[in-house]
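Let's take a walk through a structure together.

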Amino acid sequence: MLEVVGLTKSFGAVRANDEVSIDLVTGEIHALIGPNGAGKSTFITQVAGDLAPDSGSIRFRGRDIGHMRAAERARLGMARTFQISSLIGEFTVLENVVLAQLGRLGESMRFFAPVARDQELRNLAQECLARVGLESRHRERVSEISHGERRLLEIAIALALEPAAFLLDEPMAGLDQEGSRMLVGLLDSLRQTAPVLLVEHDMDAVFALADRISVLVDGRLIATGQPDAIRSDDAVRAAYLGMEQP
Amino acid sequence: MTPRIASAAVALLLLAVPLAGTVMDEPWLITLATRVAILGMAGVGLNLVLGYGGMVSLGHAAYFGIGGYVAGVLAHHALEGDPVLLWPVMLGGTDSMIVIWLVAIVSGALLALLIGCLSLRTSGVYFIMITLAFAQMIYYFTISWPAYGGEDGLPIYLRNSLFGLDTMDPMTFFLIVFAVLVVVICLVSMVVRARFGLALNAVRQNETRVRSVGIGGFRVRLVAFVMSGAITALAGALFVDLNRFVSPSMLSWHTSGEIMVFVILGGVARLWGPIAGAALYVFLEQVLGSMTDHWQFWVGLLLIVVVLHARGGIMGFASGQRSDDG
Amino acid sequence: MMPATLVAEQVLNGLQFGVMLFLMSAGLTLVFGVMGLINLAHGSLYMIGAFACAAVVSLTGSFWLGLAASLAAAAAAGALVEMTLMRRLYQRGHLDQVLVTFALILVFSEGTRWIFGAFPLYLDIPPSLAGTVALPGGLDYPLYRLVIIAAGLAVAAGLFQLVSRTRLGMRIRAGESDREMIAAIGVNIRALYTAVFALGAALAGFAGAVIGSITSVEVGMGEPVLILAFVVIVIGGIGSIKGALVGAILVGVTDTMGRLLLPALFGTFLEPADAAATGASLASMLIYLLMALILFFRPGGLFGKVA
């Protein structure tokens, strides 16, 4: 589905990503973990098309998408969420999801029918909100909802793109225990919709969810494999898990 | 007052002033109201990019002016009887308002497309300076191009014609302008509530998010910019018909600043806001201007106070809510 | 064929124009770079400098006192405006900055007209700088303009030293990269901002006084120069003093040479009257076309970071 080979990106003298290769196959959750500053967000941002890599190739659904802009990649079915919620603050919850549908349907250049009265768009958006449990909050302005609800809305927006792959950048960031538990259940169900590339710090969640795990340290991939193999991998233990108890 | 009632109040007031002018036999009031409607319309064009799209264009005099020169030049050639162009196609002048409006709209749109393609690649301070600079380029061009009067401008001796109406009659001309204004505002209202409007609103607030759901922000902003240029150019064509005179001063950067002031005084992203803003500006110009030659000094001070302390503008104040924009 | 002395003279005129544009642009670009503020009223400070100079010269008869007054008046006006208004605008959006500084232009222009009347004032070149100098190649060039070029280049050199070598410059550069950091290490950021603003204002006032002696001193004289300074900054890149210098000289020389060469160029294949008109119109647009070209290939300007 998604195949990234040899992705490299430097900021000045710092190699944020050094020959990183990761693939994503249908039906799986592939977690990308690593200490802070390992280059995980840099990696996601390049795959999503908001940052140009120095070298390396990205193939998605059998096509080379290296030259495509972020918007084109999204239309092709790549749905990303942001580490720090990135939403349209003055819009309602529902409007945020409707906007994503306009992107998917390529309908942002329609000038006549009022969008607020389009029942079909609203219904589709409500379905996405229902999947994350926000259907009763659809009228709220995003600036009024809680942090946890924003994290869920990010995922509802991704769902609205009817994606072929999810790129989730720390979906659990800042959630309390109960919020995290709920989100784990939701993420678990996402893989039936499309495979998930999951960047996450919450190790309980990662080992509960992931089919495969890749470990990034100082911009380099030091291991990829099944959770059990990663747990017992010496290099990983030395470089990473030793510092943060799994 | 809800925003809707505030809008209706502005529209009714704009209609009431020329009626009063007719009843009291003070035709200058009608001319004043016409001026407000036209300047407000230029502001409606700017509001689409500034208010809804968040693009601070300081060069809308370019579109106002090109619309004005379209009206002036076409009417000039119609009067002289010589063609505007011999090559590549033979093109004559015209005194038909409909044709002039269409040409003004298309010219404004094309100019906005050209300037937009370059300036929308940037943002923030760059965008402000670049839109200003391109407008200034056209200003200097009209000054140094002698064929249409250069610095002195170009008079047209009769208003252009529409369906055999007596367009020289102030009330008739006001009603024409008012009708055009209502049509323009209805169209803008439709566009901002349509799918495109949702996207435009979103681009103003968070372009990264818009990109990530598959919508190209540049395209959305460019289309809004082109529409905006077309509307302001149409207003420019009407302005020249009102004054029966076109000159480079329409293109000066003070005009750009004033159009922006209309939008801000009225309240950004409100459909009738620019009309209210233009009305207040013209009112101040008349009242302060009758008291002192230095009325601009006081307008400047007032504007500073409004920007620092009353950011919702007239429409925000009247409808008891503040605009959210920074 | 055009005489070489004419071309050389115009190149020098272009250089002189460019150096003056640099004085305007340097202040603007510093204020952009350090405080993130767009100041449309920068042209008013230029005007204030010119009027202060003219007023003091007519009172005392001394050009040098006038020049000192132009620096002082513009710096004082700049500091005053910074402390009363600009300070409230740093945290606001560019739209508010544009509006308030546009309103300030109305206030300054109308206020000046109130005090000095609507008629232009004339400033004479000081007698010690009148006359011409014979340059190698047989060109007699006005001494005053040569002195302007030298003075402008000296100011440019001084600014480079200031920004790259001194403590104040270090603070300015730190302010560009991290406002909170320098506030945290105890630099008085308010005083720094006022100083930067006053410095930019003084440069503009100086330019106004110097140019006012060549042209005339009148209300609104600063605005065309302000817009050219914007073009300079767009070409050079925001916040870069080096960019401002290169951009200013590029704009000054391009504009002056365009006005000389384009009508001649069109004269080779058009009727003289048509050639003069077409050449003049195109020449008036030339620097903006140059800006468009640079923008197309380098949206961040020649020396700027990405826009």
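Predicted model: local features only at pLDDT ≥ 70, side-chain atom pairs only at ≥ 80, totals over all residues.

Begin with chain B, which has 13 helices and two strands. How big is it? Along its principal axes, the C-alpha trace of chain B spans about 55 × 50 × 35 Å. A compact globule of 326 residues would have a radius of gyration near 20 Å, and chain B comes out at 19 Å, so the two agree. As for the inside, 59% of the 326 residues of chain B count as buried.

Next, the neighbours. Which pair of chains has the most contacts? Two pairs of chains touch, and the most contacts are between chains B and C. Chains A and C, on the other hand, share no contact, and their closest C-alpha atoms lie 13 Å apart.

Look at where chain B meets chain A. Here 22 residues from chain B face 32 residues from chain A. On the chain B side, the elements giving two or more residues are helix 6 (170-193), helix 7 (195-205), helix 8 (207-212) and helix 9 (217-243). Helix 7 of chain B has the largest share of that side, with six residues. Sort the chain B residues by class and you get eleven nonpolar, six polar and five charged.

Let's zoom in on helix 4 of chain C. Two packed helices are described by the angle between their axes and the distance between the axes. Helix 12 (residues 295-309) of chain B packs against helix 4 (residues 94-116) of chain C at an angle of about 155°, with the axes 8 Å apart. Angles over 145 degrees count as roughly antiparallel, which is why helix 12 of chain B is called roughly antiparallel to helix 4 of chain C. Their crossing is left-handed. To find the spot, look on helix 12 of chain B for residues including Phe297(B), Leu301(B) and Ile304(B), and on helix 4 of chain C for residues including Leu99(C), Val107(C) and Trp114(C). By class, this helix contact has 13 nonpolar, three polar and two charged residues.

Helix 1 (residues 4-35) and helix 9 of chain C pack at an angle of about 70°, with their axes 9 Å apart. That angle makes helix 1 of chain C roughly perpendicular to helix 9 of chain C, and the crossing is right-handed. Helix 1 of chain C brings Leu21(C), Met24(C), Ser25(C), Leu28(C) and Thr29(C), while helix 9 of chain C brings Val225(C), Leu228(C), Ala229(C), Val232(C) and Ile233(C). Eight of the residues in this contact are nonpolar, two are polar and none is charged.

Finally, some loops. Most residues other than glycine have a negative phi. Asp25(B) counts as exposed, because it has 7 C-beta neighbours inside 10 Å. Glu162(A) also has a positive phi, near 45°, and lies in the loop between helix 5 (147-160) and strand 7 (165-169) of chain A. With 16 other C-beta atoms within 10 Å, Glu162(A) is partly exposed.

One last stop is Thr26(A), in the loop between strand 2 (14-24) and strand 3 (29-33) of chain A. Thr26(A) has 10 other C-beta atoms within 10 Å, so it is exposed. Leaving out residues up to four places away in sequence, Thr26(A) touches Met1(A) and Pro195(A). Thr26(A) and Met1(A) are 25 residues apart in sequence, yet their C-alpha atoms are 6.4 Å apart in space.

Definitions and conventions
Residues numbered from 1 in each chain as written. Chains lettered and ligands numbered in written order. Axes fitted to C-alpha atoms, helices over the stretch in contact; angles between N-to-C directions. Helix = DSSP H or I, 4+ residues; strand = E, 2+ residues; numbered from the N terminus. Parallel < 35°, antiparallel > 145°, perpendicular 65-115°, else oblique. Left-handed = near helix turned anticlockwise from the far one by under 90°. Contact = placed C-beta atoms within 7 Å. Nonpolar A, V, L, I, M, F, W, Y, C, P; charged D, E, K, R; others polar. Rg over C-alpha atoms; globule rule 2.2 N^0.38 Å. Buried ≥ 20, exposed ≤ 12 C-beta atoms within 10 Å, placed from the backbone.
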